[in-house]
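Visitor: Please take one part of this model and go through it closely. I would like to hear how the pieces there meet.

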Number of protein chains: 2
Amino acid sequence: MRLWRALALLLLAVCGAAVQATEQATEQWGIHEIELKGPADGNPFVDVQLGARFSDGAQTVEVDGFYDGDGVYRVRFMPPRPGRWTWVTHSNRWPLTNKQGEFTATPPRPGNHGPVGVRHGHHFGHADGTPYKPVGTTMYSWGHRGAALEEQTLKTLAASPFNKVRMLVFPQTAGTDKHPPPLWPYEASSGTPPRNWDYARFNPAFFRHLEQRVGQLRDLGIEADLILYHPYDDKHEWGFDSMTREQDDRYARYLVARLAAYRNVWWSLANEFDFIRTKTDADWAHLGQLLQRIDPYNHLRSIHNGKRIYNQAEGWITHVSMQHGMAAAEASRAVLFREAWRKPVVFDELKYEGKHDRRWAQLTGRQMVHAFWSTTIAGGYGGHSEFIPDADGLIWLAQGVKLRGESPPRLAFLRQILDMAPAEGIDPIDTFEDVFIAGQPGRYYLVYFGQQAPAEWLPKLYLTGLRDGQRFKAEVIDTWAMTVTPVKEPLQFSPQGRYHFVARNAIKLPGRLGIALRLTALDTPAGSGARPALDD
Amino acid sequence: MRLWRALALLLLAVCGAAVQATEQATEQWGIHEIELKGPADGNPFVDVQLGARFSDGAQTVEVDGFYDGDGVYRVRFMPPRPGRWTWVTHSNRWPLTNKQGEFTATPPRPGNHGPVGVRHGHHFGHADGTPYKPVGTTMYSWGHRGAALEEQTLKTLAASPFNKVRMLVFPQTAGTDKHPPPLWPYEASSGTPPRNWDYARFNPAFFRHLEQRVGQLRDLGIEADLILYHPYDDKHEWGFDSMTREQDDRYARYLVARLAAYRNVWWSLANEFDFIRTKTDADWAHLGQLLQRIDPYNHLRSIHNGKRIYNQAEGWITHVSMQHGMAAAEASRAVLFREAWRKPVVFDELKYEGKHDRRWAQLTGRQMVHAFWSTTIAGGYGGHSEFIPDADGLIWLAQGVKLRGESPPRLAFLRQILDMAPAEGIDPIDTFEDVFIAGQPGRYYLVYFGQQAPAEWLPKLYLTGLRDGQRFKAEVIDTWAMTVTPVKEPLQFSPQGRYHFVARNAIKLPGRLGIALRLTALDTPAGSGARPALDD
């Protein structure tokens, strides 16, 4: 009789799984979530395997599910294309396996451009083709501070220029924020947190909260550059930087299962990886390659350095996330990292605006804006944060909450300039000499004079893409005053020497710091006549 | 009977090979050469395999032999240690196999410091521990111009500061030298050279000549940075850049068999590799890894770029051989490549001194000297050449012969400074801010003011390695006038702020371009009290 019963159960499981007929519609690049009831005994985080296969007939995507506590399991899927998708689960437990269903992925709603990937070698774009030009900021612990402050941070972000946020998954004890978080990522095996973590038992509430914040960033059009590990556990009392490889892998898999369906997620393996002395470069490569393998959507992956730069040539790294104390201060420096690795370069930490006694947070607003313009001209991207405590000691770098520096309005202005620039991105035009001109050859140029304050400039462009007689509209940009002043007469260019085209007359400039020129072609370059690049 | 004959021959070969009793002595890191007679029929370059195993009882080295024409085969060995070495050959041909012998490797003679390898992460040293600080130059075709010019070049080199020469193995048609060479590297399969090469038949005379020149460089204390491929075959009429992988491999193996025993050989896979459009990055990696595998002495390996920088992180690359148009002009730029790859960086082409109409050869002597000092302060090394035609159109970059620029005496002066600097090399002290101070923390500093011309400087050093009250001797260096002027009073340093030590009084400076300071510790730092590096 036990045999018959087992057979019946087997048939039920294999053949009789009811197709979930709930007709849910999910927008393309939205989240389609399946909720299942399953075992709550033992340790579901390690005992239960759950996954699902989604297919629209042409494309099949395998995703892992996860345990969300209280006997609830979830599988999340980000449909990469609109249309009819069917799914079927697989699990090592009967109540979770062979569940089936289908749904319609509808076209994306306005503002949903899909996940961001690398475009044109050194730049970024959304899956729908919309260029994405990062103007990022960092608030490590903004999500570990409780509802009131966190909601205020979201309001501030909504009015800010920032379209990317670097944020820690794990809370920090040290450095900029000494407040224990309201939620912990793991359950304590005994005693009171923060002690004796059971690294085999996640705290679902912690991750639900994280997801809520990531989703809110998404709804603001902001990418969430999630930092998996950090060295800011001064006395190593919390220990999230000291897990075993098995525990690290479980953490990465749990993050991917929960969060990869959020289209705005990026994976930043670490902040200041080299200060986390409990992991080797081989450990980081292992983790990066694991993410590359298990993330069904291939979200962007990077690793941010302290003093020692990681080998950014490794294949799992999609773009360079750079801390550097002085490279971003000059385009001719910043461009060298782009040349070294031929990947997008984001100077996520180019020092911070502030008056800290530490030199990594002593930039004036002007210096911060200059660094952003320098990295732009270098064909890369800057990253903002500030260390300007308010009366309560809150600082943007740690808690978020409110911006107090002088740079954000100017970064908003820069973002407007970037948004109007060619979709292919801004590339340095000629890196053999000092770099101060970038754009797209023959079509669009940004000339940035930076720390110089010339009273005039005789327009001189490297020849690639230019035609004899070609005309350009010129506008003088004051990067600090946030003004764009058209030059009355169009510029007309003709060849000079082996390498250049020049205009006839010099342009008058304000003689101030932080002045740029924007040149936009008035003639569409014909197919012929445009100059090719030279080897020498 | 044929069986008996074969057996007798076998026994003779296996057991009865006469030990070569010729008591040759070869100095350590010299060349021990074995000459053997063998078959001259067929194509010995491809039909005959020959190698030998050298052993001193503790260490065994396998080397390949090579065919030198006229039925003569040679095996060359560079003994890595003094003492008694025995050897035995192996071949697929009876007359060449199982030959045995022994010799004594004597201690190296004065001036022989052994091959150069990487030391202290970013620097170089000879096998005997002597530091090697490259002050290199480039003369692509100096070895393809006939005896009279080549002997003159050697005389010029003997009186020059240069201790490394970049030179092409294959002749060039184009660019800087249009003279066909007296010797060709391959035999023509039909017709008159340069046509219809038989890439399976080397011309031994060509390689004997190359070896002669490499040996003469060695005797002058000059490293030979041999360039295996180049793109200077404008009409692709000679074709050495268009061989098959099999032909490329045979070429690399022949070079190693003939030349690896020369202690002063470096392997530079290519000049301007990216302009050689007949090879992919995978081809270069293959060749580099092949050299790494087959060179018994692990000579230095690099690949030099045109516009696109090769992935210098690849494991077979021992050091960065860089062409860059503007990185070497500022230490704060040049240092970034060092940080990117954590290998020695040699700016082998930082533009040339000259008045060419091409911008890669328009440096003034002052600019060349400035670039060398900048790369030095960046913890790297510069590379010289010049494009200043004489009455016959000869230029150093192509033919060598005579130096005409203003930089060489100043580079000799720099080399003196380098030779007196710490054996560990000159490292930038603090790369978080603009880089203009380098040396060894707490012991030795070079401060280079470059394009600034300050009238005084208040000594301020990053804290690492310094002790409160420590005293330094100071000397003002004029890098152009080649003078060293002691500052009368020693400097005494005390801490200031979180990051620095300062002296009490400013040092008066000449207010000219190209001024440096040398600070040498007068107090030996005690074990305790010296400041450790900070993370922030």
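Guide: Between domain 2 of chain A and domain 3 of chain A, an area of about 1700 Å² is buried, and carbon and sulfur atoms give 71% of it. The model is predicted. On the domain 2 side, the residues that lose the most area to domain 3 of chain A are Arg366(A), Ile377(A) and Phe413(A), which together make up 36% of what that side buries.

The domain assignment places domain 2 of chain A at 116–418 and domain 3 at 429–521, with domain 1 at 19–106. Taken over C-alpha atoms, the centres of domain 2 of chain A and domain 3 of chain A are 35 Å apart. To their contact, domain 2 of chain A brings 17 residues and domain 3 of chain A brings 21 residues.

At least two residues of the side of domain 2 of chain A that touches domain 3 of chain A come from each of helix H7 (331–341), helix H8 (365–377) and helix H10 (407–420) of chain A. H8(A) supplies the largest share of that side, eight residues. Sorted by class, the side of domain 2 of chain A that touches domain 3 of chain A holds eight nonpolar, five polar and four charged residues.

The contact between the chains can be set beside this. Chain B and chain A bury about 3900 Å² between them, with 48% of that on carbon and sulfur atoms. Each chain is represented in the contact, with 42 residues from chain B and 42 residues from chain A. Here the rule finds twelve salt bridges across the interface of chain B and chain A. One of the salt bridges joins the side chains of Lys351(B) and Glu433(A), at 3.0 Å from N to O. Residue pairs in polar contact between chain B and chain A number 17, again with both residues at pLDDT 80 or more. Helix H7 of chain B (residues 331–341) gives the largest share of the side of chain B that touches chain A, eight residues. That side of chain B divides into 18 nonpolar, six polar and 18 charged residues.

Conventions. Residues numbered from 1 in each chain as written. Chains lettered and ligands numbered in written order. Predicted model: local features only at pLDDT ≥ 70, side-chain atom pairs only at ≥ 80, totals over all residues. Heavy atoms only, no water. Contact = heavy atoms within 4.5 Å. Buried area = accessible area lost by both parts, 1.4 Å probe. Salt bridge = Lys/Arg side-chain N within 4 Å of Asp/Glu carboxyl O. Polar contact = N/O pair within 3.5 Å; in protein donor to acceptor, adjacent residues only side chain to side chain. Helix = DSSP H or I, 4+ residues; strand = E, 2+ residues; numbered from the N terminus. Nonpolar A, V, L, I, M, F, W, Y, C, P; charged D, E, K, R; others polar. Domains from an automatic or database assignment.
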